[in-house]
Amino acid sequence: MEPLLKIKDLHVDFLSYAGAAHALNGIDFELFPGEFLGLVGESGSGKSLTANSVLGLLPRKNAVIAKGSILFEGEELVGKSEREYQALRGKKISMVFQEPMNALNPAFKIGSQVTEILKLHQGVTAKKARTEAVRWLARVRIPHPEEIMNVYPFELSGGMRQRVLLAMALSCGSKLLLADEPTTALDVSIQAQILRLIRDTTDSLGTSVLLITHDLAVVAQTCQRVAVMYSGNIVESGPVSNVLRLPRHPYTKALLQALPHLDGPIKALQSIPGTVPNLLTPPSGCRFHPRCSVAEKRCQADRPKLLSVAENHYVACWRESHHV
Amino acid sequence: MELKYYRYFAKQYPLTVVGTLIILIIGLVALVAPLISPHDPLQLHLADRLLPPGHTYLLGTDEMGRDLFSRIIYGARLSLAAGVGIVSIAGIFGTVLGSVSGFLGGKTDLIIMRLMDIMLAFPSLVLALALSAALGPNFRNSILAVAVVKIPVYVRLVRGQTLSVKEKHFVKAAQTFGASKVWIISRHIIPNCLAPVMVQATLGIGEAILIAAALSFIGLGAQPPAAEWGAMVSVGRTYLLDQWWYATFPGIAIFITVVGFNLFGDGVRDLLDPRFRH
Amino acid sequence: MNTSKFVAKRLGQLVLVLLGVTLVTFLVSHVVPGDPARMLIGQRADEQTLAAMRQALGLDKPVWIQYLNYLWGLIHGDLGTSIRTQRPVLNELLSFFPATVELTLFAMGFAVSIGILLGLLSATFRDTLTDHATRILAILGVSTPLFWLGLMALLLFYKYLGWLPGSGRLDPLINPPTHITGLYVVDSLISGDWIALKSSILHLVLPSLCLGYIQLATIARLVRASMIEVLELDYIKTASANGIPRSRIIYRHALRNALIPTVTIIGLTFGELLGGAILTETIFAWPGMGKFVVDSISFLDFPAIMGFTLVVATVYVLINMVVDLLYPLLDPQIKGVH
């Protein structure tokens with residue numbers, strides 16, 4: 001099957017007075033139609049940057065795609081003009097963000113914000129857009145959608161706003177949804193609901209999802225495949241069942257150990273020693289080596305490549321046998 | 001500090017440098033006015049009335065044959081005195097009132113702040129006009145009037161600052177040692193409010209000069225024949241259509257001086273405001 | 001809090017502030033000058049006349065009774081009699097009021113529309129030539145002596161170019177339009193008097209542009225700052241991610257929110273304009289309250305000066321209240337709170 005999204009050797013640099021920071025340092029991954037892929041990592045690892053690169057939403061002044069390619073439906077996105085990106089955004093590729101509280105314009109009613117996108121991308125009449133909007137609000141399980149059309153965002157809870165944003169993102173038939181920590185800012189009780197809603201809705205539409213999160217538990221609940229990021233690199237990727245049960249990369253292992261297990265025996269949670277590296281002066285070789293408990297000499301010298309260790313399971317670590 | 005630092009600063013904030021230079025030059029001119037002015041600013045040359053700019057009188061003469069160039073040079077003294085005087089008086093009274101208001105709180109705070117609100121209910125120039133008319137039209141009174149009008153700005157600023165300093169440990173500590181209120185306000189509160197007051201004062205000099213000049217222009221500040229720029233424009237207005245230079249040059253002097261202070265003040269604020277610092 | 005409660009509370013505050021304003025004008029006119037009686041009749045008056053004057057003014061009574069008397073007079077519309085014109089100050093001010101309103105409204109319209117436009121351009125093309133030019137224009141704007149700017153405009157556009165009239169509200173040969181509102185532009189529009197309309201608009205150009213120019217800069221800077229802040233917000237990113245074109249994001253999504261804080265300073269701007277009108281009206285011989293008060297100064301016409309001060313402060317306070325009351329209409333979040 002042809003991948004819907006294929007990212008190859010993507011490098012993104014942040015330019016600052018102190019020099020260029022290689023924030024994405026050669027990312028490779030593919031996303032297939034209808035697939036639900038989790039992108040996991042600590043903050044600063046480059047997950048959001050990856051999603052923003054796909055949509056061409058990098059901060060204009062100081063972030064640039066230095067190298068690499070992003071293919072969407074076989075079409076190169078890198079180098080597209082702002083106008084070309086506009087035609088994609090919201091129509092073919094959509095995004096929902098972390099902070100639903102501030103992601104809706106406070107000055108306009110919900111209805112006007114949902115219909116605006118429908119009118120823009122589908123060229124439908126105001127009346128048609130309105131019935132469509134109500135239908136979409138109902139689809140994301142918003143009670144009394146007609147009434148919600150006429151309220152302002154501040155009158156809604158965070159969970160309701162995230163539903164509205166999801167409706168807006170999906171309403172024009174996007175094939176790819178980039179969900180950037182969509183539940184992080186919500187109450188724990190709402191998080192599971194919203195995740196299930198995203199999964200069910202995209203399932204029935206056949207939309208692919210790239211779910212960005214720092215929470216492996218979320219990945220375990222919703223995703224089919226997972227990619228683990230560390231400091232601008234993907235260090236491990238594979239089917240969720242494999243990666244979470246049999247992690248191969250020391251970083252993934254550490255992440256899993258830092259996770260509380262409700263069903264397991266109670267033991268001290270391990271936090272990973274050290275901090276996320278400074279991108280201006282990243283460690284040489286494998287960027288994880290200063291924090292890695294099993295690092296060897298060559299980890300300092302050379303960067304390991306992402307190589308297959310089992311079917312569909314890839315790891316970038318010198319300690320994996322195939323590198324020997 | 002090294003030369004390199006200055007060069008970097010000049011490149012980063014060219015307008016601030018221009019402003020600083022303007023202020024330095026005007027200050028210098030005011031300082032050495034008697035040395036550089038070609039004529040006595042008050043000396044009448046009745047035979048040379050309303051002459052256009054030329055060799056003898058660089059910027060022309062007024063209706064009494066006084067040399068405009070010399071008068072403008074001397075005018076720098078009055079305008080600088082007005083600007084600095086106004087912000088100093090307003091700054092000092094505003095700081096005292098604001099710190100007392102913020103520190104004591106309660107009724108004192110309420111009364112002082114309501115009074116400030118009421119003063120702010122008047123447009124600045126209008127209240128300055130009324131006050132300076134009541135005090136009697138002369139230069140000193142016009143400065144007092146503008147200073148009074150500007151007090152609320154400092155009261156509000158210092159009060160806000162006081163409210164946050166008040167909660168700091170060293171103030172709490174001083175209170176537990178039984179320090180008097182006057183001691184705490186003068187030793188702890190006010191010194192910690194000085195930096196923002198200085199910034200505000202620097203930013204306010206330009207406007208102060210403008211209002212003082214405007215009062216002179218409508219006949220409430222310095223009285224002719226004083227060599228005050230606003231008053232000169234005021235008289236020059238009568239001769240505007242035939243002797244354009246009379247009102248034009250003193251006005252340019254005001255404009256340049258105020259531009260200098262505003263550029264400088266802008267730079268000072270940018271430098272001290274952490275949001276603008278890189 | 002519901003709307004009527006909010007309005008009632010705001011009106012209560014208004015009454016207090018207005019009382020405070022009268023207290024200030026009272027203090028300034030009765031206490032600060034030392035001897036108002038001498039001020040009224042001049043330095044050469046003999047003691048007997050002075051004493052009689054003091055009694056007539058009630059100055060022999062305690063200060064708080066004087067204040068009550070003053071208030072009582074104000075409530076009955078008594079602002080005293082102008083020394084210069086010998087007419088009641090209130091009547092004088094009322095007759096000059098429309099001219100001042102017309103001038104400040106035009107200045108306001110100019111400052112707000114161009115100010116918003118410049119601020120918008122400046123924020124959109126941040127750190128470009130446009131932005132730097134606006135910044136310099138803003139600094140020059142707050143640094144220009146308004147009275148001198150007016151004179152320079154007169155020299156250029158009236159004397160040398162001859163494009164625009166330099167004084168008054170109408171050509172002296174044209175009859176004023178039928179009095180309806182007192183604003184010549186409005187009145188001549190209503191009565192279809194095209195000649196008066198053209199003349200009154202031409203006469204407005206120089207004074208209102210000069211008066212507005214100073215405020216324009218302030219507004220432009222504020223809109224710029226506000227716009228830059230809004231453009232960084234999450235909902236702008238949402239709009240981008242949904243494929244809404246940049247121009248539409250700026251003019252519809254960002255501008256609407258950026259203008260909300262701008263509205264509050266419109267009230268404040270009005271105060272500056274009313275103050276500035278004193279200078280502008282003097283320079284362009286515009287028959288408004290500002291020119292009236294400057295004419296009164298050389299006569300030390302105290303009742304006129306204080307009457308003017310009181311009326312201007314009242315108008316200013318009222319305008320700020322209206323702005324406060326209108327604010328919720330613009331900002332749905334505030335509306336929800338009330």
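Chain A and chain B have no contact with each other, and their closest C-alpha atoms lie 10 Å apart. This is a predicted model, and in it two pairs of chains are in contact, with chains B and C sharing the most contacts.

Let us turn to where chain C meets chain A. Here 21 residues of chain C are in contact with 29 residues of chain A. The two chains bury about 2,300 Å² between them, and carbon and sulfur atoms give 57% of that area. Two salt bridges are counted between chain C and chain A. In a salt bridge between C:Arg248 and A:Glu116, the side chains come to 2.5 Å, N to O. On the side of chain C that touches chain A, α10 (234-241), α11 (246-283) and α14 (332-337) each supply at least two residues. By class, that side of chain C has five nonpolar, eight polar and eight charged residues.

Side chains of opposite charge can pair when their charged atoms come close. Over all chains the count comes to 29 salt bridges, and the table shows some of them.

| Salt bridge | N to O distance |
|---|---|
| A:Arg225 and A:Glu35 | 2.5 Å |
| B:Arg71 and B:Asp62 | 3.7 Å |
| B:Glu167 and B:Lys172 | 3.6 Å |

A:Arg225 forms its salt bridge with A:Glu35. This pair links distant parts of chain A, 190 residues apart: A:Arg225 is in strand β9 (residues 225-230), and A:Glu35 is in the loop between β2 (19-31) and β3 (36-40). Both A:Arg225 and A:Glu35 are buried.

In chain B, are B:Arg71 and B:Asp62 buried or exposed? Both are buried. They also belong to a network of salt bridges that links B:Asp62, B:Glu63, B:Arg66 and B:Arg71. For the pair B:Glu167 and B:Lys172, B:Glu167 counts as partly exposed because its relative accessibility is 49%, and B:Lys172 is partly exposed, with a relative accessible area of 38%.

Two residues of that network, B:Asp62 and B:Glu63, are also touched by B:Leu50. B:Leu50 sits in the loop between α3 (33-36) and α4 (68-104) of chain B. Leaving aside residues up to four places away in sequence, B:Leu50 also touches B:Thr61, B:Tyr239, B:Gln243, B:Trp245 and B:Tyr246. Between B:Leu50 and B:Tyr246 there are 7.9 Å in space, C-alpha to C-alpha, although the two are 196 residues apart in sequence.

Conventions:
Residues numbered from 1 in each chain as written. Chains lettered and ligands numbered in written order. Predicted model: local features only at pLDDT ≥ 70, side-chain atom pairs only at ≥ 80, totals over all residues. Heavy atoms only, no water. Contact = heavy atoms within 4.5 Å. Helix = DSSP H or I, 4+ residues; strand = E, 2+ residues; numbered from the N terminus. Salt bridge = Lys/Arg side-chain N within 4 Å of Asp/Glu carboxyl O. Buried < 20%, exposed > 50% of the residue type's maximum accessible area, 1.4 Å probe, protein only. Buried area = accessible area lost by both parts, 1.4 Å probe. Nonpolar A, V, L, I, M, F, W, Y, C, P; charged D, E, K, R; others polar.
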